[in-house]
Every structure is written in structure tokens, then in C-alpha cells.
Amino acid sequence: MASQGLTYDGCNFFRQRLVLATLSGKRVKIKGVRSREDNPGLRDFEASFIRLLDKVTNGSRIEINQTGTVLFYQPGLLYGGSVEHDCNPQRSIGYYLEALLMLAPFMKTSLKATLRGVTNDPTDPTVDLLKSTAVPLMKQFGIDGEGFDIKVVKRGMAPGGGGEVIFTCPVRRSIKPVQLTDPGKIKRIRGVAYSVRVSPQMANRIVDSARSILNQFLPDIYIYTDHMKGANSGKSPGFGLTLVAETLNGCFLSAEMSSTPQGQGDPVLPEDLGRNCAKLLLEEVYRGGCVDSSNQSLALLLMTLGQQDVSKVLLGPLSPYTIEFLRHIRDFFQIMFKIEVQKPLEDERKGGDKVLMTCLGVGYSNINKSIK
């Protein structure tokens, strides 16, 4: 490959670096991975993530030293196809699925990935959240087609796991530019309250407590309950709630909460979980923007790899993860965003400062030519 490699120190933002290296075709070296800790080197879930990248690419070269503190990664071509992967239960399937959502549209053949492990935990975005927010966001960029979906076959709560998810995505060689500058008012709220290996009444208690907060906000609320039994309920008990607010202009803002894993931390009452999740959703609405906090980096990546045309997206305050993602986009693609801060009007209660991100796409087909 003609492209020069990049070197990073430490294990922070590990996925960002490997995903952007794969898309840009640039080799990357990550050194000093937890080198000062008692248990140095890559963790099991990071090694599992590297194996997943190896499965969806063809010809990747991965070298890890004996202690696991230095990783060299030279990406191959994104191939896709049918992939099965057992995700490490230390992190949920959402940890792996977020990366696949970024990679899937640019593969050579349509991707069908079967992922097994923990579907819902308090750390990572759950499968339900990605299905209800990331998929509609990608459709805004023209990534659509028959079979584009995330399907939950089995639920698996932390720490035991036992869940199964099927993700299918068609190939898109060009991403259309977008102008998402006005989210509009909230028109309805949808959600799913799930429970496995506990009483089905838990989900109903979550719904009642969430509605007690949200009914003061607007009337069009529907939260359905999902109670899986037997083999489809995974290996550990638990419950949780995912809420999504849809705006008049087709933007989706989300919040979610899950019960603490069995044997870890203090137990959570379903009433408290429902109320707190509803407040988190209202906080997300207050932050505003056309994309919620968990999908900011996905929107920015699709703007970068879109056609050579101007894209604009209005976001709420940028999360620390997104700020680091912008730095990595600059490193891997030499793309800079124009950032304008929009103050709320005094006579309108529209939340805090918004950020208007403007970018001239580099075009993924152009990157392919440079790699060859």
C-alpha cells in the first residue's frame, strides 16, 4: 500500500482507530496498551473485536507482541459476505455492531453478520437503540434497500449473555449528501421495555413509571413490552428500557437504561429505572440536534465518506468520544469540519448551544483508487 502508517499511544479509542484505518487503507500501530497496569496488554473483548475485523476483511495483517502491549494492523479489503462471530461477554454486541454499521455499506458484497453474546448491558449502546436510531439515520444518507435491518433473535443480559442478533446491510458505493439542519418538534415517543428470566410484570412496571413522566410532555406515547422465554431469554436475568423520540422532520433522539448485571452493584427497582430513563430522554431532547449523542460519530463518518458535495448536520453539544473521532478523521482522511456554534434565542426555550457541522465529502470511491 502506498499510504503511510499512523502511530498511537495507549488503548483509548481503540475501535475508532481500527475502523478508520480499515476504511482509509492506512496501516496503524498502537503501542503502550495498558503497559503500566498490573495486567498489561489487550483485553479479551479487544482481541475479539480484532478477530471480527479479520473476518469481514480479506488480506488483513495483524501483529501483536508477546505482552499484548503493541498492535500493528495493516487492513485488507473490506469483503463482507456471511459472518458469524461469538462476541466476548465483557462487552455487549452493541460494541461490535457500532463498528459494523460504519463498515458495512462500503464492503464488496452485502454483509450478513450473526453476532452472539450480551445484547443489553449498562455500558454499551444496546441492540434496540442501534436498531431504532442508527438504521433510520443511515437511511437519511441513502443507505437503504431490501433486508437492511437488525433483528434480535435471542436476548442475553450481562454477565451471562446467550443472545443472538442478525445484522444485514446492502452495499452502497456512494453516500448521498444531507442537509439536516432543522430537527423540528417532537411528534411521538416509542419504546421497548424488555425483561428476561424475571417476572413479566417487571416490564409493565417500567412502562407505567416512564409514562408518569412522559405523559406531561406529549400524548402520543407507546412503549411495548418484550418478554422472551426459554431458550430465547439468554443465561442471565435482567430488564431494561429503550426510548426513542421522533421529530416532525424524521430525526430520532434516544435514551436507554438497563438493570445492573447479576452479582454486580446494587439492584435497581423497575420504577426507578423507568423514571430515570424518561428523564434521560428529556435531557437528550433538551440537548437537541438532528442526531442523538450515541450516533454523532456515525453521522460525521458518513458525511466524510459521502459524495464530493457539502453536507450539513446540526448536533447538540459534542460528546468527548465525538471530539476524538473528529481528530481521528483529520488524521486518516485529512478532512476538517467547519464548526459553527448556534446560541439559543432568548424568547425560545430550545435547550443549550447547538453545533452546526459542515463538511465537503471525500468520496469513498476516491479512497479506493488511492489504496489500489
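The second largest cavity holds about 80 Å³ of space, in what is a predicted model. A cavity here is a set of points on a 1 Å grid over the protein atoms alone where a 1.4 Å probe fits but cannot get out, and lining residues have an atom within 4 Å of a point. Points are joined across faces, edges and corners, and the volume is the space filled by probe spheres set on them.

Who lines this one? Among the residues are Thr133, Leu137, Gln140, Phe252 and Asp292. Domain 2 (186-287) and domain 3 (291-360) each supply at least three lining residues, with bounds from an automatic or database domain assignment.

Now for the largest cavity, at about 130 Å³. Of its 13 lining residues, Glu98, Ala99, Met102, Ser297 and Tyr321 are closest to the centre. H3 gives the most, with four residues, and domain 1 (1-77) and domain 3 (291-360) each give at least three.

Here are the linings by class (Ala, Val, Leu, Ile, Met, Phe, Trp, Tyr, Cys and Pro are nonpolar, Asp, Glu, Lys and Arg charged, and the others, Gly among them, polar).

| Cavity | Lining residues by class |
|---|---|
| Largest cavity | seven nonpolar, four polar, two charged |
| Second largest cavity | six nonpolar, four polar, one charged |

A quick note on the ground rules: residues are numbered from 1 along each chain as its sequence is written, and side-chain values use heavy atoms, leaving out hydrogens and water. Local features need pLDDT of at least 70 and side-chain atom pairs count only at pLDDT 80 or more, while totals for chains, interfaces and linings use all residues.

Notes
1 Å grid on protein atoms, 1.4 Å probe; cavity = no way out; pocket = protein on both sides within 12 Å on 5 of 7 lines; lining within 4 Å. Helix = DSSP H or I, 4+ residues; strand = E, 2+ residues; numbered from the N terminus.
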